[in-house]
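Thanks for sending this one over. Here are my notes, point by point, to read alongside the model.

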Amino acid sequence: MIEQAWLIPLFPVISFLIILLFGNRMKEGGGYVAVAFVGLSMLVSLLTIRDVFSVGRYESEGISWLGSEAFRFGILIDPLSAVMLFVVSFVGFLIVVYSLGYMHGDPGVQRYYAEISLFIASMLALVIANNLVFLFISWELVGLCSYLLIGFWYRKPSAASAAKKAFLVTRVGDIMLLAGILVLYANFGTLNLSELFELAPGAPLATLTLASLLLFGGAVGKSAQFPLHVWLPDAMEGPTTVSALIHAATMVKAGVYLVARAYPLFTPDSLLVVAWIGGITALIAATLAVVMTDLKRVIAYSTVSHLGFMTLALGVGGYAAGIFHLLNHSFFKALLFLSAGAVIHAVHSQDIRDMGGLWKRMPITGTAFFIGAWSLSGLPPWSGFWSKDDILAAVYGYSTPLFIVAAFAALLSAVYISRLFFIVFTGKESEAVRHAHEAPRVMTVPLMILSLGALFSGFVRFAGFEEFVLGTLPAELAEHFAAHEGGHGFVMTLSIALAALGIALTGITYYKPVLSAEKIRTTFKPLHTLLIDRYYLDHIYLFFATKVIKDTSTIIDAIDSYFIDGLVNGIGKATAKAGEVMRRIQTGIAQDYASWLLLGASLLLIIARLRGGAA
Amino acid sequence: MLAYLIAIPFLGAFASYFAERYEVAKARSVALATSLLTLIISIAALSSFLSGKEMFPAQAWDWIPDFGITFTLGVDAMSLSLVLLTALLFVVAIFASWNITQNTKRYYALLLLMEAGLMGVFMALDLFLFYVFWEIVLIPAFFLINGWGGRRRSYAAMKILIYTHLGSLFMFIGFILLYLKAGSFSFFAISDTLSSLDAGFKSFVFLLLFIGFAFKIPLVPFHSWLPDAYTEAPTPVSVLLAGLLSKMGAYGLLRIGVTLLPETFQGYAYAIAVLAVVSVFYSAFAALAQRDIKRLVAFSSVSHMGFIVLGIASLNLIGINGAIFQMVSHGLIVALLFFLTGMLVEKAHSREIPYLGGLITKAPFLGWVLVFASLASLGLPGLSGFVAELSILLGLFNSFAFLAYLAVLSLPLTAGYYLWMLQRAAFGATSELVEKARSDVAWHEAVPVLVLVILITVLGLYPAPLMNMISTTSQAIVALIGGI
């Protein structure tokens, strides 16, 4: 089936077109069409992945997109794309099914399924593209769908604004990626990934460092790394299914995927930057997740933090660990979002201060959330534990300061997720919770399947996952990075201890309040304010956008209207006066005559000039 | 065949005038038939070009032999792309004129006269002929703005007349100087003589020509006629001004500036590229400050025209490919945008961003197409504008890497003003005015919009056929400079 892998993105494209054109006449706005085609796409993906186990790698001839050979677009399937194909098509399918329940009754369902189909198509194309321009096109199309879906409820000003913010902030990353493409094209004359990898070892290190850092800039935007992470929490304005699919399981992984995809182009220098950006992101986002009171925003910051872990892993050479975490995170985070969605659906609020004691009302959802949280917290034996442990082990061998950063971020992971669980599901029932009841089957079944994923995906580690993923890299690179992996007694003990400590601390604050949350807040007032204000990053960006950019624009507009235009108006007025005079002399349309005269006069002049010249 | 492309709209101009005058048929129907016929012939020209027929030059007659003036017409891939664009956009413009009721016989006659002129400009291979057609385009433009424009129409019309006349004057002096040396206006004759001329002379002529073209494109600081002209012109004329008239300047720069004076252009290339970058940023910032969507689109258009000049100045194959592709792509996108601003006034009774808001809720078709057109204009991959910008940037990076980095920085700015406009005009809560907006879409609105949407998408998804065709022209140009 691997040679028919081009069908994978094609199915959702067909579904997009059908729903766009005829969705208004269909049940659920064409939702069942989306389920069917995304299902087909998943089927082909699974068959393709099966072939990867035997073939290893496949690259198609492709078609010429822009005339020259540098822009020949084909598909490239290797272990890395196989992992991504699995995540995107499988999680995508489950979420489309879940949407049948979640989006039921929304007046915009047709648009929803059309955009979701287009998103899945572009995302699948992104992970099998063999050319950087092909990848970039898909990259921007998933960004477009993200923009449209964040602004899905566009009547809400906050949604329209968040959509714009997401597009613009990621656009800053995108132009760096574009610049990276320019550098690579200028130096290598090709944008085909395999050809680039062949040429890279012979290229000057400085060129590669520059190019790879620019590519990484794209990843920073897309995967919400510091300092461009600010768009992701706002993106929660979209439907929760969108948050789960695009802003947790798939699109935000595109940046991590890009780094992994272009790994042979990275140099030790650029990887150092990657590692530190990842580490800083993991820590900063985790601290923010601890203080937020919006259910979805906590999970969003947690996503940022975990994307940071993946980036960190790639930066320190833990290639397989990073991809492993990507896989696991897709399950437990989609699960957390979808169960949060069920909660929001039932309680009609996103503020965790309105919630409490939901466990009894929503046992299935609660269990699902509990599983996701357990996996995320890093306590054994579920998936999050294994990949986090691999990452910490990789960092441990790389740099001690980074290891401390990562360990602290891991501790905070356990803190914020257990805080969320205790506040929402345990304790006293609040007013809003009293009318809540369990979600319908079409929503809970996907939750159960995702729960199985969140529980067991970690065990692929013992089925040769690392070896499989490292098959993506050229042999000598793979060998080099394999050395970094592997369990480490001290790291594993510490990792478990930190998770347990985190949960214990939250437990004595929120579950059996020995410590008072209020008191902690007042004791660390300045720190708390700093965190609530999100390190003032948003303020700085806003200042830049409104003061620097908008003021420049106002000044240029003023110059344009008063200065440059003023010069011309002088001449214009004189001519208009001349026109007035003519009007008095001639009846009829004076200006018309004037222009014909002008034309005649200039023609005469020309001819006179010509005669002189020819003589 | 090429002569028909000029003759038919020219005769159509009279036909539509007299048909209505003597109540044989409506001027609009005659004009529509004429423009459709012209479109069909230009497609026929394309097919004979693709079949490998030599069309450069295709037809030549002596015109005023005493002065070495010939009536030489010819097309290469670049001319042909612009001829097709012209034929298409005039059909669009006639659809956009559906609601013009005042003095229609004169209106359509002028419109078709302009089409004849534009066809001539893009096909003339004689500098004098080129100049005559150049002026033939300008005169109807003046009358159309003056007769059917907005509130400040006479001001805007006068401004465009004076400004572009001034530009033409520079250009014409340049032509005369070339003629005096070559003894002929013919393209080929001049091109043969030029290599023997001294660099100082060529440099002077080039500057004259460049100023002429810079007014028309326009490049900042030669642009100040533009916002008023584009804004005050009636919708169909805005479509033509931005879609086609601006291309005359870019076309002239490439056809005459680069092809006739390649070494001289090479010497100025960096300076021109710097000016283009300034133009790109200046107009992008200016666009950000606009309240009127039509004015925003006008400034955005200047910014995108700057990209064309960047592609030309890069003087390599991919850059020039991108520049020519951008001529077509920008023509389609800006035509769509101006068409929509016309619909905005029609349906929502305003083009002012602060009075709009929630357009999508009330008029979904109009609102979503506005979203599409904005995304196309900001260079969304998958649509035609991206292909052009990518090629231009790749070309520019090979020639002037630093300027390419700068040009890349303009992209978020462009995204910024379009998305900010969409946030306020298309999304959000419905404003009082939009509450009363009409959501109906007539066939004569839907057809041109959908045709443009489809073309923009197809060219964006699969640009190879057009790019391969354009490449033949670019290769010939690049060969002149001895580049790759």
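1. A:Arg534 is partly exposed, with 19 other C-beta atoms within 10 Å; a residue counts as buried if 20 or more other C-beta atoms lie within 10 Å of its own, exposed if 12 or fewer, and partly exposed in between, with C-beta atoms placed from the backbone. A:Arg534 has a positive phi of about 50 degrees although it is not a glycine. You will find A:Arg534 in the loop between helix 23 (525-532) and helix 24 of chain A. Helices are DSSP runs (H or I, at least four residues), numbered from the N terminus.

2. A word on the source: this is a predicted model, where local features need pLDDT of at least 70 and side-chain atom pairs count only at pLDDT 80 or more, while totals for chains, interfaces and linings use all residues. Residues are numbered from 1 along each chain as its sequence is written, and chains are lettered from A and ligands numbered from 1 in the order in which they are written.

3. Chain B has a positive phi to look at too: B:Leu315, with phi near 55 degrees. B:Leu315 sits in the loop between helix 12 (293-314) and helix 13 (317-348) of chain B, and is buried, with 25 other C-beta atoms within 10 Å.

4. Please look at two peptide bonds as well. A cis bond joins A:Phe226 and A:Pro227, with omega about 5 degrees; A:Pro227 is in the loop between helix 8 (205-222) and helix 9 of chain A. Another cis bond joins A:Pro380 and A:Pro381, also with omega about 5 degrees. Most peptide bonds are trans.

Technical notes
Helices (H or I, at least four residues) and strands (E, at least two) are DSSP runs, numbered from the N terminus.
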